[in-house]
Amino acid sequence: MVYITSWDEFVERSIQLFRADPQSSRYVMKYRHCDGKLVLKVTDNRECLKFKTDQAQDAKKMEKLNNIFFTLMARGPDVDITEVTAKEQTETQPSKKGRGRRQ
């Protein structure tokens, strides 16, 4: 069991782990409200990767990882995930509409 401290490393290694053996891979989220800790785990029964955080800002990162795994599980392990991450980047950009005066 390996706790990975870097988010980017955890995402890359967990995607590699899933793509290597998608039939036996699992992705688990565990939240402990009393501690305020979120633990993400990806395993294939041989290797186990874990990421632990207590930061609220990591919830958005977790949501992106969920979308990546949903895409890999639904479309297959060979799908290009750059379109999933690019779609989310365009959604997070603020719109140009403001509260200014109408002209």
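Mentor: Start with Tyr 31, which stands opposite Leu 38 in S3. Keep in mind that this is a predicted model.

Trainee: Which way do S2 and S3 run, and how many bridges join them?

Mentor: S2 covers residues 26–32, and it runs antiparallel to S3 with seven bridges between the two. Another pair along these strands is Tyr 27 with its bridge partner Val 42 in S3.

Trainee: What about the hairpin of S2 and S3, how many residues sit between the strands?

Mentor: There are four residues between them, and Gly 36 takes a positive phi near 70° in that hairpin.

Trainee: And which residue has a positive phi in the turn between S3 and S4?

Mentor: That is Asn 45, with a positive phi of about 70°. The hairpin of S3 and S4 also has four residues between its strands.

Trainee: How many bridges join S3 to S4?

Mentor: Six, and the two strands run antiparallel. Leu 40 has Phe 51 as its bridge partner in S4, and Leu 38 has Thr 53.

Trainee: Which strand runs parallel to S4?

Mentor: S1, made of residues 2–3, runs parallel to S4 and is joined to it by two bridges. Val 2 has its bridge partner in S4 at Leu 49.

Trainee: How many residues of S3 are buried?

Mentor: Five of the seven residues of S3 are buried, so S3 is largely enclosed by the rest of the structure. S4 is mostly covered too, with five of its six residues buried.

Trainee: What does Cys 48 touch?

Mentor: Leaving out residues up to four places away in sequence, Cys 48 touches Met 1, Val 2, Lys 41, Val 42 and Thr 43. As for Arg 26, that residue is 22 residues from Cys 48 along the chain, and their C-alpha atoms are separated by 9.6 Å.

Trainee: Which residues of H1 are buried?

Mentor: Trp 7, Phe 10, Val 11, Ser 14, Ile 15, Leu 17 and Phe 18. They cover an arc of only 160° around the axis, which means they are on the same side of H1.

Trainee: What is on the face turned away from that buried side?

Mentor: That face of H1 carries the exposed residues Asp 8, Gln 16 and Ala 20.

Trainee: And what do the buried residues of H1 pack against?

Mentor: They pack against strand S3 (37–43), strand S4 (48–53) and helix H2 (58–75).

Trainee: Which residues touch the most other members of the largest nonpolar core?

Mentor: That core has 20 residues, and the ones touching the most other members are Trp 7, Phe 10, Tyr 27, Leu 40, Leu 65, Phe 69 and Leu 72. H1, S3, S4 and H2 each supply at least two residues of the core. H1 gives the most, with six residues.

Trainee: Last one: where is Ser 25 found?

Mentor: Ser 25 is found in the loop between H1 and S2. At 12% relative accessibility, Ser 25 counts as buried.

Trainee: What does the side chain of Ser 25 reach?

Mentor: The backbone oxygen of Asp 21, at 2.5 Å. With residues up to four places away in sequence left out, Ser 25 touches Leu 17, Phe 18, Thr 43 and Asp 44.

Methods:
Residues numbered from 1 in each chain as written. Predicted model: local features only at pLDDT ≥ 70, side-chain atom pairs only at ≥ 80, totals over all residues. Heavy atoms only, no water. Buried < 20%, exposed > 50% of the residue type's maximum accessible area, 1.4 Å probe, protein only. Arc of directions from axis to C-beta. Contact = heavy atoms within 4.5 Å. Pairing = 2+ DSSP bridges. Core = buried A, V, L, I, M, F, W, Y, C linked by side-chain atoms within 4.5 Å. Polar contact = N/O pair within 3.5 Å; in protein donor to acceptor, adjacent residues only side chain to side chain.
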